[in-house]
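Have the model open as you read.

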Amino acid sequence: MSSQSPVRRITVPAFRARKGGEPIVALTAYDVATARLADPHVDLLLVGDSLGMVVYGMDTTLGVTLDMMAAHGAAVVRGSRRALVVIDMPFGSYEQGPAQAFASASRLLAQTGAQAVKLEGGVAMAETIAFLVRRGIPVCAHVGLTPQAVNVLGGFRVQGRDRSGWPIIEADARAVAEAGAFAVVVEGVAEPLARRLTEIVSIPTIGIGASAQCDGQILVTEDMLGLTEHVPSFVRRFADAGSRFDGAFAAYAAAVRDRSFPALEETYAAREDKPKA
Ligand code: KIV
C-alpha cells in the first residue's frame, strides 16, 4: 500500500455495534487485486475456504489447508486498508478442541494480519469460541448450511425448510452469540428462519442464501461477478465479467496472431548509438 493511503480498518467492536443498523456489506476475497477493488465498497472481506472450490477447483472445501488460508489471507490484507478482514479456519484445523483451535487461529492471525477468524458450527463449537475470544482471538461463527459438514448433511442442502428443524439451528445461533462470537454467518436457511435468527441473537447476522432482513449480506465475489459457471439460485449476478474476460482473451489472441500486438509504442527502443569522436 502507498504511504498516502493509511490503513484504517473497521474494528471488531465497531462491526459488532452494527447490529440492527445500516446493513453490513461483505464479500469474499482471495487475492490482492480483488481485495483492492472491493475494499472501498465493503465493511468486511472474508478470506473464505470457498477458495478451495473457486480458486483450486475442488469439489468441496474439505481439502483446504492452513497454509493455503495463510497465503491467501496475507494477500487480502496487503490489498485492503479499510475493511475488517476475517479468515476462515479450514476443516480439520479446529474441531479437535480449544487448544488445537487456538494454535491454528493464532497462526493465521500472526501470519496474515487478519483481524478475526471464522469457524463453522453452533452448540458444538461454543466452548471453542469462548476459549478463543477470552484469549484475544475474535471469532465470527457460521451456522445453518455449514459446507465443511457436507458429508454429514448429505450435500449442500438448504436448512430449516421444515419448521421442526428450527430449534436446533436457533440453539446453534444462540450458543455462538453467548460464547462471544462478534457476528454469525447464516448460510442456506429458509428465509423465515433467517429472519427469526436475526431477531433472537444479539450479534449481527450476515446472510448468504438467507434473508434480506439479516443484519448484512455476503456473497462469493466470483459468483456475483459472473465468473463462475454454476451458481445457486440465491446468487444475483451483478456483472457478466466472464463474457468481458472472454472478449478480452479473444482480442488478445487475435492481436498476437496478426502481429498487431505489440505495437512499436508497446516495445522498448534501443539507445541511440553515440557517434564516434
Ligand atoms: O467460505 C466462504 O466463502 C464462506 C462464505 C460463503 C460465507 O464461508
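First, the ground rules for spaces: on a 1 Å grid over the protein atoms alone, a pocket is an open set of points with protein on both sides within 12 Å along at least five of seven lines, a cavity is a set where a 1.4 Å probe fits but cannot get out, and lining residues have an atom within 4 Å of a point. This is a predicted model, so to speak of local features pLDDT must be at least 70, side-chain atom pairs count only at pLDDT 80 or more, and totals for chains, interfaces and linings use all residues. Residues are numbered from 1 along each chain as its sequence is written, and side-chain values use heavy atoms, with hydrogens and water left out.

**The ligand**

- The ligand sits in the largest pocket, meaning that more than half of its atoms lie within 2 Å of the pocket's grid points.
- Around the ligand you'll find T28, L46, G48, D49, S50, D88, K118, H142, V185 and I208, where a residue is near if one of its heavy atoms lies within 4 Å.
- That shell splits into three nonpolar, four polar and three charged residues; here Ala, Val, Leu, Ile, Met, Phe, Trp, Tyr, Cys and Pro count as nonpolar, Asp, Glu, Lys and Arg as charged, and the others, Gly among them, as polar.
- Polar contacts are pairs of N or O atoms within 3.5 Å; within protein, one atom must be able to donate a hydrogen and the other to accept it, and residues adjacent in sequence count only if both atoms are side-chain atoms.

**The largest pocket**

- Its volume is about 870 Å³, a volume being the space filled by probe spheres set on grid points joined across faces, edges and corners.
- The largest pocket has 34 lining residues, with E187, V220, D223, P232 and F234 nearest its centre.
- Helix 3 (51–54) and strand 6 (183–187) are the elements that give two or more residues to this lining; helices (H or I, at least four residues) and strands (E, at least two) are DSSP runs numbered from the N terminus.
- By class, the lining has 16 nonpolar, ten polar and eight charged residues.

**The second largest pocket**

- This one holds about 460 Å³ of space and is lined by 23 residues, of which G207, Q217, I218, L219 and F238 lie nearest its centre.
- Strand 1 (24–28), strand 7 (205–208) and strand 8 (216–219) each supply at least two lining residues, and strand 1 gives the largest share, four residues.
- The lining's classes are 15 nonpolar, six polar and two charged.

**The cavity**

- A search of the whole structure turns up one cavity of 30 Å³ or more.
- The lining of the largest cavity consists of L44, L46, V86, K118, C140, V185, I206 and I218, which makes seven nonpolar, no polar and one charged.
- L46, K118 and V185 are among these lining residues, and they are also among the residues around the ligand.

**Local details**

- Q115 lies in the loop between helix 5 (98–112) and strand 4 (116–118).
- The Q115 side chain reaches the backbone oxygen of I10 at 3.0 Å, and a polar atom of that side chain lies 2.8 Å from the backbone nitrogen of V85.
- Most residues other than glycine have a negative phi, and most peptide bonds are trans.
- R259, in the segment after helix 11 (241–257), has a positive phi near 60°.
- P262 lies in the segment after helix 11 too, and the peptide bond from F261 to P262 is cis, with omega near -5°.
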